[in-house]
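Welcome! Take a moment to look at the structure below, and then we will walk through its pockets, its charged pairs and a piece of its surface.

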Amino acid sequence: MTDEQCSLFEPGHRACGGCAAALAARAILDAAGPDTIIVSATGCMEVFSTPYPETAWKVPWIHSLFENNSAVASGITAALKKQGRKEKVIALGGDGATFDIGMLCLSGAFERGHDFVYICYDNEAYMNTGIQRSGATPYDASTTTSPAGKCSTGNRRPKKDLPAILAAHGAPYVATATIAYLPDLKKKVRKALDTEGPCYVQVHAPCCTGWGFEGEKTLAIARLAVETGLFVSYEMENGVVTRVKKVVRKPVEEYLKEQRRFRHLFRPKRNDAEIAKIQAIADRNAEKFGIDINLKK
Amino acid sequence: MIMPLGLGCSSRPGTSRVNRTGSWRTFRPVFLRDKCTKCRLCIQLCPEGCIMEESEGFPVPDYTYCKGCGLCAEECPAEVIEMQKEEK
């Protein structure tokens, strides 16, 4: 039996075909191993993996609410510490639970310095309840609460920079990863677990249903997000960026035109002004993190 | 004093296997062996975790759970996975 064959995340869960969150869950458990306690916030992953009386998880798993995910993880961490046990605690949440609803408890847990890892699978909206915008929804994405139409080009606000906020709490290790590069994701999860103190990993996980693309394109879309500079995969140690995934950048258009949530930028006619604004976001990312590889011509 | 919690519920690990998601499938991935390089990429990136390695090292999908998303066929570097329409 190989590692993959004794998976800690069993098939039979109700995720859509080609779900990135399901893939992220498998990769996270592969990296973490069986001595792990998962605390899950409400969200797509919680709903599709544990319809009562079934569960896809083969590690201890607890769900309470949207908002108190980090508080439950803090309590478990404290109890394990008191008993002198070495199990690792992972708090898992979607971007809605992490960026918006659970922010208070997350901030509290990081400020108190509990030794656990918070992993956010970021699909950039509330997918479980029907694609409402969240603090992680990128600029100009059309969702059911930021619909694009005659008077709107979708979500008006930029994505919240949560890794920076959590690094500002004094977190020793903050990283972003993507399902497009699974070995890198696993390495970052492992590193976060091995680092003492509160650590945060944000996993970019494209949602085929919410973003509007075919399930087989999940990895291709995730790769494009990195290659266009709209998502930067990096590691931050004690507030300093120490490693960045460098790319030969593609125009953002290649990423946008593949998805239904950005369709209004191309139909009925091309909206060059808005595409230029999104390109500017990618350019700012590239400058801030230095992701560009300049090929010699 | 220890207060018993009367709330909540629990279930046995890995019980989702009773739910045979293979019935969702409209396209079936067919693995052609002759050109397979045994790179194991499909085994790693299947969101269901239902592609196994058989004794010779070739990947074998478990059609009981495969939802037919086509991610393996799309990503296979040797292009040896074919999506064929499901006949029921």
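**A first look at the pockets**

Helix H11(A) gives the most to the lining of the largest pocket, with six residues. Please keep in mind that this is a predicted model.

**The largest pocket**

- The largest pocket holds about 620 Å³ of space.
- Its lining is made up of 27 residues, and those nearest the centre are A:Lys159, A:Lys160, A:Leu230, A:Ile281 and A:Asn285.
- At least two lining residues come from each of these elements of chain A: helix H6 (162-167), strand E6 (199-204), helix H10 (253-256) and H11.
- Sorted by class, the lining of the largest pocket has 16 nonpolar, seven charged and four polar residues.

**The second largest pocket**

- For the second largest pocket, the volume is about 510 Å³.
- Here 17 residues form the lining, and the ones nearest the centre are A:Trp61, A:Ile62, A:His63, B:Cys9 and B:Ser10.
- Strand E2(A) gives the most to the lining of this second largest pocket, with three residues.
- By class, this lining has eight nonpolar, six polar and three charged residues.

**Salt bridges: one pair to start with**

- Side chains of opposite charge can pair when their charged atoms come close.
- Over all chains, the count comes to 28 salt bridges.
- One of them joins A:Lys58 and A:Glu10, with the closest N and O atoms 3.5 Å apart.
- A:Lys58 sits in the loop between helix H2 (44-49) and strand E2 (61-63) of chain A, while A:Glu10 sits in the segment before helix H1 (20-32) of chain A, so this pair ties together parts that are 48 residues apart in sequence.
- Are the two partners buried or partly exposed? A:Lys58 is partly exposed, with a relative accessible area of 39%, whereas A:Glu10 counts as buried at 9% relative accessibility.

**Salt bridges: a linked network**

- A:Asp184, A:Lys188, A:Lys191, A:Glu235, A:Glu237 and A:Arg243 are joined in a network of salt bridges.
- Within it, A:Glu235 forms a salt bridge with A:Lys191, and their closest N and O atoms are 3.7 Å apart.
- A:Glu235 belongs to strand E7 (residues 234-237) of chain A and A:Lys191 to helix H7 (residues 182-194) of chain A, so the pair ties together parts that are 44 residues apart in sequence.
- A:Lys191 also meets A:Glu237 in a salt bridge, at 3.1 Å from N to O.
- This pair, too, links distant parts of the chain, with A:Lys191 in helix H7 of chain A and A:Glu237 in strand E7 of chain A, 46 residues apart.
- A:Lys191 counts as partly exposed at 31%, and A:Glu237 counts as partly exposed at 27%.

**A nonpolar patch on the surface**

- Which residues form a nonpolar patch on the surface? They are A:Val248, A:Ile293 and A:Leu295, and together they have about 260 Å² of accessible area.
- A:Ile293 is found in the segment after helix H11 (272-289) of chain A.
- A:Ile293 is partly exposed, because its relative accessible area of 39% falls between the cut-offs of 20% and 50%.

Notes. Residues are numbered from 1 along each chain as its sequence is written. Chains are lettered from A and ligands numbered from 1 in the order in which they are written. This is a predicted model: local features need pLDDT of at least 70, side-chain atom pairs count only at pLDDT 80 or more; totals for chains, interfaces and linings use all residues. Side-chain values use heavy atoms; hydrogens and water are left out. Patches are made of residues with over 30% relative accessible area and no salt bridge: like charges are joined within 9 Å, nonpolar side chains (Val, Leu, Ile, Met, Phe, Trp, Tyr) within 5 Å. Accessible areas come from the Shrake-Rupley method with a 1.4 Å probe; for residues, only the protein chains shown count as cover. A salt bridge is a side-chain nitrogen of Lys or Arg within 4 Å of a carboxyl oxygen of Asp or Glu. Helices (H or I, at least four residues) and strands (E, at least two) are DSSP runs, numbered from the N terminus. Buried means under 20% relative accessible area, exposed over 50%, partly exposed in between (1.4 Å probe, protein chains only). On a 1 Å grid over the protein atoms alone, a cavity is a set of points where a 1.4 Å probe fits but cannot get out, and a pocket is an open set with protein on both sides within 12 Å along at least five of seven lines; lining residues have an atom within 4 Å of a point. Grid points are joined across faces, edges and corners, and a volume is the space filled by probe spheres set on the points. Ala, Val, Leu, Ile, Met, Phe, Trp, Tyr, Cys and Pro count as nonpolar, Asp, Glu, Lys and Arg as charged, and the others, Gly among them, as polar.
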